[in-house]
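Here is a briefing on one protein chain. Look over the sequence and the model, then read the points below.

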Amino acid sequence: QVQLVESGGGLVQPGGSLRLSCAASGSIFRINAMAWYRQAPGKERDLVAAINTDGSTNYADSVKGRFTISRDNAKNMVYLQMNSLKPEDTAVYYCNAFIQQAYLPVWNNYWGQGTQVTVSS
């Protein structure tokens, strides 16, 4: 089995910072692109940031200059450093990754369970 587990969410004041972590575990052969999405109640799940195996990144316009995505390939982890947080950043943040499982010839897309981020004074 392959699982993604997020951590690091919580309650933070506007202007504060949080660092989210996502750990992939299980029978993993290799991981391709990894990303963070977020979803507020009653709204669509939107891409926040993505990172490829070569380190290239892509960010939603709303978080550019404030958030930074990174990965540690040796540890099968991806991170999201969130600075200058705003109330509109409040959402459940989900980790996403394309993973090839050991002994299987195909790539599958996986989602974590999500971690709540609340930005409020």
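How many disulfides does a search of the whole structure find? The search finds one disulfide, meaning a pair of cysteine sulfur atoms within 2.5 Å. This is a predicted model, in which local features need pLDDT of at least 70 and side-chain atom pairs count only at pLDDT 80 or more, while totals for chains, interfaces and linings use all residues. Residues are numbered from 1 along each chain as its sequence is written, and side-chain values use heavy atoms, with hydrogens and water left out.

**Disulfide**

- Cys22 and Cys95 form the disulfide, with 2.1 Å between their sulfur atoms.
- Cys22 is in strand S3 (residues 18-26) and Cys95 is in strand S9 (residues 91-101), so the pair ties together parts that lie 73 residues apart in sequence.
- Strands, like helices, are DSSP runs numbered from the N terminus (strands: E, at least two residues; helices: H or I, at least four).
- The link of Cys22 and Cys95 is left-handed, with -85° about the S-S bond.
- Cys22 is buried, at a relative accessible area of 0%.
- Cys95 also counts as buried, at 0% relative accessibility.
- Buried means under 20% relative accessible area, exposed means over 50%, and partly exposed is in between (1.4 Å probe, protein chains only).
- In general, a disulfide is a covalent bond between the sulfur atoms of two cysteines.

**Sheet**

- An open sheet is formed by four strands in the order S1-S3-S8-S7, with antiparallel pairing.
- Strand S1 (2-7) and strand S7 (67-72) are the edge strands, and each pairs on one side only.
- Neighbouring strands of this sheet are turned by 15° against each other on average, direction ignored.
- For such angles, axes are lines fitted to C-alpha atoms (for helices, over the stretch in contact), and angles run from 0 to 180 degrees between N-to-C directions.
- Two strands pair if DSSP finds at least two bridges between them.
- S1 and S3 pair in the antiparallel sense over six bridges.
- Glu6 stands opposite Cys22 in S3.
- S3 and strand S8 (residues 77-82) run antiparallel and are joined by six bridges.
- Ser21 stands opposite Tyr79 in S8.

**Aromatic cluster**

- The whole structure holds two aromatic pairs.
- Rings of Phe, Tyr and Trp (its six-membered ring) pair if their centres lie within 6.5 Å; planes under 30 degrees apart count as stacked, over 60 as edge-to-face and the rest as tilted.
- The Tyr37 and Trp111 rings have centres 4.9 Å apart and planes at 65°, so this pair is edge-to-face.
- Tyr37 lies in strand S4 (residues 28-39) and Trp111 in strand S10 (residues 107-111), so the pair ties together parts 74 residues apart in sequence.
- Tyr37 counts as partly exposed at 21% relative accessibility.
- Trp111 counts as partly exposed at 36% relative accessibility.
- Tyr94 and Trp111 also form an edge-to-face pair, 6.4 Å centre to centre and with 85° between the planes.
- That pair links distant parts of the chain, Tyr94 in strand S9 and Trp111 in strand S10, 17 residues apart.
- Tyr94 counts as buried, at 13% relative accessibility.
- One aromatic cluster is formed by Tyr37, Tyr94 and Trp111.

**Arg45 over the rings**

- The charged end of Arg45 sits over the ring of Tyr94, 3.7 Å from its centre.
- Arg45 also lies over the face of Trp111, 4.7 Å from the ring centre.
- A charge sits over a ring if NZ of Lys or CZ of Arg is within 6 Å of the ring centre and within 35 degrees of the ring normal.

**Nonpolar core**

- The largest nonpolar core has 31 residues, of which Trp36, Leu80, Tyr93 and Ile99 touch the most other members.
- A nonpolar core is a set of buried Ala, Val, Leu, Ile, Met, Phe, Trp, Tyr and Cys residues joined through side-chain atoms within 4.5 Å.
- Strands that each supply at least two residues of this core include S4, strand S5 (46-51) and strand S11 (115-119).
- S9 gives the largest share of this core, five residues.
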